[in-house]
Amino acid sequence: MPGLPAPGLTPISAPYWRAAGQGRLLIQRCADCGTHRHPPSPACYACGSLAFDWDEVAGTGRVYSFVWTHRPVVEIFENLGVYNAAVVELDGTLGEPVRILSRVNDIDRESLVVGLKVRVDFDPIDDEIALPVFVPHP
């Protein structure tokens, strides 16, 4: 969505944000035990390994939880008006379910429900970075 600030890039998170800028959803995966994890972190929560790589995932899933926001949480979100914050549980990941805090676009209040099937889409921030968001998916 235009006007949103770029996320803070760190050496650990930069591949995630840059892949999103290319229209791909990468999820960090432990190189030792195979567990997927999000948000990106230096160590595996399952085995403690510091070795990791990235898997490109299909980007489909279901709404796990959501809330509609009527007032901006912080000033930079004022231009959004009423918007939702949704937790999406991704399909096809290994280990504990991978859940992403995001937004579901192209949906009205009545249609956004827990369990709704969604697929990833991307809101560009600049020429290199995008925010993964979701849209309804049949």
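Mentor: Begin with the largest pocket: its lining divides into 16 nonpolar residues, four polar and one charged. Nonpolar covers Ala, Val, Leu, Ile, Met, Phe, Trp, Tyr, Cys and Pro; charged covers Asp, Glu, Lys and Arg; the others, Gly among them, are polar. Note the ground rules: this is a predicted model, with pLDDT of at least 70 needed for local features and 80 or more for side-chain atom pairs, while totals for chains, interfaces and linings use all residues. Residues are numbered from 1 along each chain as its sequence is written, and side-chain values use heavy atoms, without hydrogens or water.

Trainee: How much space lies in the largest pocket?

Mentor: The general idea first: rolling a probe the size of a water molecule over the atoms shows where empty space is left. On a 1 Å grid over the protein atoms alone, a pocket is an open set of points with protein on both sides within 12 Å along at least five of seven lines, whereas a cavity is a set where a 1.4 Å probe fits but cannot get out; lining residues have an atom within 4 Å of a point. Points are joined across faces, edges and corners, and the volume is the space filled by probe spheres set on them. Here the largest pocket holds about 530 Å³. It is lined by 21 residues, and F77, L101, S102, R103 and L131 are the closest to its centre. Two or more lining residues come from each of α1 (14-21), β5 (83-90), β6 (99-102) and β8 (130-136). These labels follow DSSP runs numbered from the N terminus: helices are H or I with at least four residues, strands are E with at least two.

Trainee: Which residues of α1 are buried?

Mentor: An α-helix has 3.6 residues a turn, so residues three or four places apart point the same way. In α1 the buried residues are A14, Y16, W17, A19 and A20. Buried means under 20% relative accessible area; exposed means over 50%; partly exposed lies in between (1.4 Å probe, protein chains only). Their cover includes β1 (26-30), β3 (52-56), β6, β7 (117-124) and β8. Just past the helix, G23 takes a positive phi of about 80°.

Trainee: In what order do the strands of the open sheet run?

Mentor: Strands of a sheet pair through backbone hydrogen bonds, either parallel or antiparallel. Two strands count as paired if DSSP finds at least two bridges between them. Here five strands form an open sheet, ordered β6-β5-β4-β7-β8, with antiparallel pairing. β6 and β8 are the edge strands, each pairing on one side only. From one strand to the next, the twist averages 35°. α1 packs on this sheet, touching β6, β7 and β8, and makes about 60° with the direction of β8. Axes are lines fitted to C-alpha atoms, for helices over the stretch in contact, and angles run from 0 to 180 degrees between N-to-C directions. Contact means heavy atoms within 4.5 Å.

Trainee: How many bridges join β7 to β8?

Mentor: Seven, and the two strands run antiparallel. A hairpin of five residues links them. Across the pair, D121 stands opposite V133, and V118 opposite P136. β8 is mostly covered, with six of its seven residues buried. In β7, look at V120. V120 is buried at 12% relative accessible area. Beyond four places in sequence, V120 touches L25, A58, G59, P132, V133 and F134. R103 is 17 residues from V120 in sequence and 10.0 Å away in space, C-alpha to C-alpha.

Trainee: Is T35 buried or exposed?

Mentor: T35 is buried, at 9%. T35 sits in the loop between β1 and β2 (36-37). Leaving out residues up to four places away, T35 touches Q28, R29, C30, C44, Y45, A46, L94 and G95.
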